[in-house]
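Let's take a walk through this structure together, one stop after another. Have the sequence and the 3D view open as you read.

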Amino acid sequence: MKQLLASIAAVVIVVSLVVIGFTYTQVHQQQASLMDDLQRRSTLLADSFKESIRPAYVVKATSTLQSLLNKFAGRERLLGLAVFDNKGELFAVSAGLPNELVEDPQIPEKSMDSDSAVGAFSPQMPGKVYILASPLHQDEKVIGSVVVYQRADYIDASISDTWKNNLLRLLVQSLLFAIAVVLILRWIIYAPIVKMAEAIRQARSGQAGGDSAMQKSHGFFKPIVAEITKMSQSLVLARTAASEEARMRLEKIDSPWTAERLKEFFKAYFKERKIFVVSNREPYIHSKIKNEITWEVPAAGLVTALEPIMEACGGMWLAHGSGSADKITSDAEGKIQVPPEEPQYTLKRIWLNEKEIQGHYVGFSNEALWPLCHMAHTRPIFRKEDWLQYRKVNGKFAQALLAEIKNVQRPVILIQDYHFALLPEMIKNSRPDAEVGMFWHIPWPNAEVFSVCPWRKEILEGMLGADVLGFHTQQYCNNFLETVGKEIESLTDLEKFAITHKGHTTYIKPFPISVPFSNTEAEDVPHKSELLEKLDLKPKFLGVGVDRLDYTKGIMERFKGLEFFFEMYPAYKEQFTFVQIAPPSREGVEKYRQFNAEVTREAERINNKYENNGWKPIVLLKENHTHEEIFPLYRAANICLVTPLHDGMNLVAKEFVSARNDEAGVLVLSQFTGAARDLKDAIIINPYSAEETAEAIYKAITMPAAEQHRRMKKMREAVKNYNIYRWAAEFLRAIINLG
Ligand code: F6P
């Protein structure tokens, strides 16, 4: 729209300049011609008047002269007449001529001196008056001067009329032109382009009717339409082939899982059944910044993992609407179609007030359950009021979900994470026909650790409402079984890994979460990362770390490891730079705010210690970076440090591996991550040991290319074989097996 207005403005400016130039010339000529006319008429009048008055003037017949003057003066545009004698004295003047005009003898004197007609505009009169004086002769001798006073204000009026008319015409023409341009663009260009874009989108997303919609496009777009139609038909063919192939591969567990295959799998086994995902964190956050609405995908492993599944299977995702522009971008029910650029499923936002957020998210989820489940030596804080809000918010989500599934037969519900431990039971109690899967994205501690939680029974019973309960690793499943055995009365089937409680059976299974992974991933990413160029970094060796600013991620220990590395291997000073991307997280929680400040201080301390010649060992970037921004960095890095103190899985490790289709680069991975079970070819370390971390960095940097390839190849195979689509399929398969 801006460009359109700018183009119209540019054309209007150019046309205006032309019209103004043209009018200027026109009025110039008009003025000259009117002046000519005025002079000519004044001269004729003066000449004829001279002939009439000469006899009376010569004999000084004043009254005759006066009556002649008055007779002549009555004419149109003639203001009056006067006669001056040869000494410049006023001899006679017609009635009604203003005094200030005749008091000035300059012009008649000039005419007598030069013996020729002299004309000029009166400087005294406010309206324009033209004065022409012509010498009066007798026997070729100048005996006086006849002066004609003409009104000339009509010249200015005529010029200003010309300007007005031309500018008015210009205004009308500009207006008509702008309207014509808008209409032409709207109907002839914009509307067909919108139609074409919609048709292309339909064709791309496999919806019917794309081609026929496009065929209706007309005019000069016909040739493009023909080409795009062919392209979209090829796309449909390719899609059909891919879906047919996916259908055939459905049961061959060793062939790679793709979005297409997952879609086919879902269609084949769930037919028309609808999928509902529930999580606290929403996949798209809309914000209003300086009156402009923007959206972002949050830095959250859960979103990284579930978004591709929702895109493949469609359905509805219920989550807390936390963005400043979430309300204005959703409808009255809090719904919005996402992804914003190419909608594939519905996001239903649930609104929480400050008290609920504080108690449910900040308090019980992140100050109690998070430290309780992670062994990172941070004490959980259990507050009764947080627990009450936690229960209330679980109830609120349950009500919203139950309303959505009211008319849905056997809905498939996938509840995510520790924010909703009570939700499975709440749903199952109201809708026993719903098939409920729950996935716990963080570790499950051993029974003894968990036993400190005052509301452990309610939490376990809530979770046991699920039909399938997933954890990342077998170890967490074991811990859960042990916890339930210790805390509540139930029947455990160790063969099937199932717990029966109050007549309902829950299957406990490991599903190591993953990333989409594709062989072509980031293929077109330039080798030299744009981010590095932006940062003006040209290190010989580059290390990278990508973590939310969370105390479980081991960022402080990692920095200690880096410090130790430069102590032990000083030759790498000015050679090795470590870029740590660390977007702030959970800033409502005091511990996280402290941690943010500590990390900044620690990076500064180490940088102050070693920086030299414009080089510094640690580049700490606290902004949220998109996947597209991080991928080039993964590709440019020699090593990636993933060193949490405890982590359910850690998808950064898998993303790094997935990005390295050049099969180079080394992953240094904490032994306390779920990922360490899947990526055995990483350099596995104990992140608490700065020495071990430093040695691992050295080993990674100096690792021969052949060994890097061998290790990376194996890790890529592992991620490729168990990517996010397989994770979803395995989880869904466990739900299918229930029936
Ligand atoms: O890894 C655990 C987890 O809660 C994920 O479920 C989520 O993706 C991530 O942490 C981000 O946490 P938050 O939603 O609190 O920003």
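Helices here are DSSP runs of H or I with at least four residues, strands are DSSP runs of E with at least two, and both are numbered from the N terminus. Keep in mind that this is a predicted model, where local features need pLDDT of at least 70, side-chain atom pairs count only at pLDDT 80 or more, and totals for chains, interfaces and linings use all residues. Residues are numbered from 1 along each chain as its sequence is written, and side-chain values use heavy atoms, with hydrogens and water left out.

With that in hand, look for serine 94, which sits in the loop between strand 2 (90-93) and helix 3 (99-102). Its relative accessible area is 2%, so serine 94 is buried (buried means under 20%, exposed over 50%, partly exposed in between, using a 1.4 Å probe and protein chains only). What is serine 94 in contact with, leaving aside its neighbours within four places in sequence? The partners are Gln66, Leu69, Asn70, Ala73, Gly80 and Leu81, where contact means heavy atoms within 4.5 Å.

Now step back to the whole chain. It is divided into domain 1 (2-156), domain 2 (258-349 + 398-516) and domain 3 (530-722), with bounds that come from an automatic or database domain assignment. Taken over C-alpha atoms, the centres of domain 1 and domain 2 are 97 Å apart. The C-alpha atoms of alanine 61 and serine 490 are separated by 143 Å, and the two residues are 429 apart along the chain. Alanine 61 counts as partly exposed because its relative accessibility is 23%.

Next, head for strand 19 (residues 576-581). Six of its six residues are buried, so strand 19 is largely enclosed by the rest of the structure. In a regular strand the side chains alternate between the two faces of the sheet. Here Phe576, Phe578 and Gln580 point one way, while Thr577, Val579 and Ile581 point the other way.

Leucine 542 stands opposite threonine 577, and valine 579 stands opposite valine 619. Strand 18, helix 18 (residues 555-568) and strand 19 form a right-handed β-α-β unit; right-handed says that, with the strands pointing away from the viewer, the path from the first strand over the helix to the second runs clockwise. Strand 19, helix 19 (residues 590-610) and strand 20 also make a right-handed β-α-β unit.

Two last stops concern the backbone. Most residues other than glycine have a negative phi, and most peptide bonds are trans. Yet the peptide bond from valine 338 to proline 339 is cis, with omega near -5°, and proline 339 lies in the loop between strand 10 (335-338) and strand 11 (345-350). Asparagine 291, in the loop between strand 7 (285-289) and strand 8 (292-296), has a positive phi near 65°. Is asparagine 291 buried or exposed? With a relative accessible area of 69%, asparagine 291 is exposed.

Terms used. Pairing = 2+ DSSP bridges.
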